[in-house]
Amino acid sequence: MTELGRYRSSAELPRGMAFVSGKGGSGKTLIAAEVASILSRYHEVCLVDADVGTAGLSYYLGLKYVRNIRKGLSDLLLRPSPEPPAAYVQPIIGRSARSDFFESVSLLPLGDHRRITRALRDNHERPNFAFRISSVVEQLMVENPLVVVDCRGGIDDESIAVCQAVDDIFLIVESDTTSFQASRHLVDTLSDLDLVHKLRGFIINKVYSNPEAVIRAGAGDFGSQFLVAIPFDFAATRSFLIGDLPGQGSAFAVHVQEALSKAYPEVVPRPTGQVWSEKDYDGLDTVAPESSRGGILLSVLLVTLATVMLLSEVFGTGLGLLQLRLGLTAMVLLGVAAGAEPSRRAVGWLIGRYLKAFSPRRADRTAHR
Ligand SMILES: Nc1ncnc2c1ncn2[C@@H]1O[C@H](COP(=O)(O)OP(=O)(O)O)[C@@H](O)[C@H]1O
Ligand SMILES: [Mg+2]
């Protein structure tokens with residue numbers, strides 16, 4: 001049998017992986033499920049919901065893929081003489097477009113969430129919990145080729161216990177300052193506990209603008225390599241809402257595979273879909289409000305000018321040569337300005353300034369009513 005906590009060989013996957021983050025809502029659950037789906041091409045995967053705070057993974061997969069999420073980790077943590085963890089691991093059922101996931105992934109749900117919360121309120125239970133979670137994960141790592149653990153957000157004893165048990169830790173970060181600072185604190189704690197060497201890398205999630213600065217700062221502060229920046233993917237959120245996995249070719253799935261291929265280059269190939277470069281995120285800024293505002297105004301002006309010229313040509317006295325030249329030049333200039341991002345933004349910014357200048361007066365008027 002493989003020695004616990006050791007890789008089978010340098011070219012193989014670890015036995016246990018944990019997904020952690022400095023704060024909740026960063027995407028650990030969605031990423032852990034996607035990782036399980038991708039890695040199930042190589043090994044049977046046992047997914048573990050160790051988020052004793054929200055049981056996010058159990059509720060997510062419980063919608064469609066698991067028969068009974070009321071049995072699980074809670075039974076192993078709360079019963080005096082528990083059965084082995086394997087007794088609570090459930091197969092993934094139901095039909096899924098992701099047949100890889102359907103065939104070789106199983107789940108240890110959190111179980112009775114409320115009983116756990118109640119026990120956690122009792123401070124005497126807390127250290128026991130951490131110890132028991134650690135030994136459950138260790139046992140599962142002996143019995144399963146690959147264990148993927150979805151942790152609670154933040155720095156809590158239970159997530160630290162999971163980190164102690166697994167081989168590799170993945171840090172999920174969002175690009176905002178709060179998430180970044182919370183991640184730094186988490187890395188500091190891992191460092192204090194001599195666990196930072198287990199960090200396999202950090203993933204920046206829900207990215208909607210150029211992540212260059214976050215990547216640079218993270219490479220300095222997170223004690224591990226940058227793996228990928230996953231773009232904000234509406235389709236992925238929609239899948240999450242209905243308890244489905246994001247599609248195989250979705251931006252989300254492609255970027256999670258990119259992260260795995262960087263972490264385990266000898267096992268996981270690069271994805272076939274497009275991975276966004278840092279510069280690609282600049283293109284996303286075209287949806288910035290000032291840009292769309294500027295684009296709308298310039299287009300309206302262009303259409304109005306064209307309509308006026310056409311109407312006066314058809315119904316009026318006709319345009320003189322000078323008017324025609326001026327009109328056509330203005331149309332070309334408006335067309336170029338509407339098509340170019342910097343001018344759209346500049347015009348949008350001016351509109352914004354104009355609206356702001358007037359809004360206090362509007363507010364005054366409302367206040368005096
Ligand atoms: N890359 C992404 N693009 C869009 N939405 C995402 C992305 N990653 C996660 N989400 C959404 O963010 C929310 C929180 O994700 P979740 O996996 O539950 O985070 P955590 O487990 O860290 O609390 C969910 O609604 C999920 O669909
Ligand atoms: Mg979660």
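Predicted model: local features only at pLDDT ≥ 70, side-chain atom pairs only at ≥ 80, totals over all residues.
A pocket is an open set of grid points with protein on both sides within 12 Å along at least five of seven lines, and its lining residues have an atom within 4 Å of a point.

The largest pocket holds about 410 Å³ of space. Its lining is made up of 21 residues, and those nearest the centre are Gly25, Ser26, Gly27, Lys206 and Phe240. Sorted by class, the lining comprises 10 polar, 6 nonpolar and 5 charged residues. Three elements, α1 (28–39), β7 (199–207) and α10 (234–241), each contribute at least two residues to this lining.

Strand β7 leads on to the sheet. Eight strands form an open sheet with mixed pairing, and reading across it gives the order β3-β4-β2-β5-β1-β6-β7-β8. At the edges lie β3 (90–91) and β8 (226–231), each of which pairs on one side only. Between β7 and β8, which run parallel, there are 4 bridges. Here valine 207 is found opposite proline 231 of β8.

Helices also pack on this sheet. One of them, α8 (residues 177–192), touches β1 (16–20), β6 (168–174) and β7, and its direction makes about 160 degrees with that of β6. Another, α11 (residues 251–263), touches β1, β6, β7 and β8, and the direction of α11 makes about 180 degrees with that of β8.

Methods:
Residues numbered from 1 in each chain as written. Chains lettered and ligands numbered in written order. Heavy atoms only, no water. 1 Å grid on protein atoms, 1.4 Å probe; cavity = no way out; pocket = protein on both sides within 12 Å on 5 of 7 lines; lining within 4 Å. Points joined across faces, edges and corners; volume = space filled by probe spheres on them. Nonpolar A, V, L, I, M, F, W, Y, C, P; charged D, E, K, R; others polar. Pairing = 2+ DSSP bridges. Contact = heavy atoms within 4.5 Å. Axes fitted to C-alpha atoms, helices over the stretch in contact; angles between N-to-C directions.
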